[in-house]
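Reader: I have a model open on my screen and would like to go through it with you, one feature at a time. Shall we begin?

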Amino acid sequence: MGPPGAGKGTQATRLADALSVPAISTGDIFRSNVAAGTPLGVQAQRYMNAGEYVPDSVTDAMLEARLDEPEAANGWLLDGYPRTVGQVAALEAVLEARSHRLNAVLVLTVDEEELVQRLAKRALTEGRADDTEEVIRRRQEVYRAQTAPLLESYEKRGLLTTVPGSGPVAKVTESLFEALSLSATRQP
Ligand code: ADP
């Protein structure tokens, strides 16, 4: 978890590779559906371009289907899900139905000014439709209002570890690994 621009995608790929599990990014799945012009993509696009969350009903169904793919049978790392109270509950239900559980929740933190600068820079290289200044600000607001409050419940369950997301990419990955092994020792 972590605000837009914190480096979730970069770090999720690195961690997942090392753990030999798929990194499942809801943002990437939406973007490939938009690019392919699927009905899901058509539905998601207007929310994404405005910096708003895609409705839970759409996102939850998509995520559940992805977790049921054979590739995900031995574990996974979620990037960008859950982001709302409803998604936290939906994920719990999905896990419970499959007798799986969350091992850890990792949060990357970065100052808001640095986040905005990173995303503005990415806008120049990647040209993502939601990396305009106005939409970047809106995405930060939506994260603060809807997603940041969810951390408390994971904290209470002893699952949460917060890792600073600034500094060299490899250094952040190292800190995440340390956090994961710490959280493994906390598991019952
Ligand atoms: P970022 O973390 O920089 O916002 P993502 O690629 O993770 O980038 O997400 C891009 C967009 O995709 C979000 O702004 C939102 O519209 C949509 N999206 C991704 N994940 C979710 C989710 N879990 N719930 C609702 N919408 C989502």
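Reader: Which side chain of opposite charge is nearest to lysine 8?

Author: Happy to start there, with the reminder that this is a predicted model. Lysine 8 is found in helix α1, residues 8–19, and is buried without having a salt bridge. A salt bridge needs a nitrogen and a carboxyl oxygen within 4 Å. The nearest side chain of opposite charge is 5.1 Å away, and that is aspartate 79.

Reader: At what angle do the axes of α2 and α3 cross?

Author: Helix α2 covers residues 26–36, and α3 covers residues 39–50. Gly27, Phe30, Arg31, Asn33 and Val34 on the α2 side meet Leu40, Gly41, Ala44, Gln45 and Met48 on the α3 side. The crossing is left-handed, and the axes come within 8 Å at an angle of roughly 115°.

Reader: How far apart in space are asparagine 49 and alanine 129?

Author: Stay with helix α3, where asparagine 49 lies. Asparagine 49 counts as partly exposed because its relative accessibility is 34%, and it touches Ala129 and Val135 when residues up to four places away in sequence are not counted. Asparagine 49 and alanine 129 are 80 residues apart in sequence, yet their C-alpha to C-alpha distance is 6.0 Å.

Reader: Let's turn to charge pairs. What separates aspartate 28 and arginine 31 along helix α2?

Author: These two form a salt bridge, with the closest N and O atoms 2.8 Å apart. Aspartate 28 is partly exposed at a relative accessible area of 45%, and arginine 31 is partly exposed too, at 28%. Because they are three residues apart in helix α2, the separation is about one helical turn.

Reader: How many residues apart in sequence are the parts tied together by glutamate 64 and arginine 98?

Author: Glutamate 64 forms a salt bridge with arginine 98, and the closest N and O atoms are 3.0 Å apart. Glutamate 64 lies in helix α4 (residues 56–67), whereas arginine 98 sits in the loop between α5 (85–97) and β3 (105–109), so the pair ties together parts whose separation in sequence is 34 residues.

Reader: Is arginine 66 buried or exposed?

Author: Arginine 66 forms a salt bridge with glutamate 69, the closest N and O atoms being 3.3 Å apart. Glutamate 69 counts as partly exposed at 37% relative accessibility. The cut-off for buried is under 20%. Because its relative accessibility is 14%, arginine 66 counts as buried.

Reader: How many salt bridges does the structure hold?

Author: Beyond the pairs above, there is a network to trace on your screen. Salt bridges link Arg122, Arg128, Asp130, Asp131 and Arg139 in that network. For the structure, the count of salt bridges is 16.

Reader: Now for the backbone. Which residues are joined by a cis peptide bond?

Author: Look in the loop between β2 (77–79) and α5, where proline 82 lies. Omega is about -5° at the cis bond, which joins tyrosine 81 and proline 82.

Reader: What is phi of serine 20?

Author: Serine 20 has its place in the loop between α1 and β1 (23–25). With 67% relative accessibility, serine 20 counts as exposed. Its phi is positive in a residue other than glycine, near 55°.

Reader: And what is phi of serine 99?

Author: For serine 99, go to the loop between α5 and β3. Serine 99 is exposed, with a relative accessible area of 68%. Although serine 99 is not a glycine, its phi is positive, at about 50°.

Terms used:
Residues numbered from 1 in each chain as written. Predicted model: local features only at pLDDT ≥ 70, side-chain atom pairs only at ≥ 80, totals over all residues. Heavy atoms only, no water. Helix = DSSP H or I, 4+ residues; strand = E, 2+ residues; numbered from the N terminus. Buried < 20%, exposed > 50% of the residue type's maximum accessible area, 1.4 Å probe, protein only. Contact = heavy atoms within 4.5 Å. Lys, Arg positive; Asp, Glu negative; His and termini not counted. Axes fitted to C-alpha atoms, helices over the stretch in contact; angles between N-to-C directions. Left-handed = near helix turned anticlockwise from the far one by under 90°.
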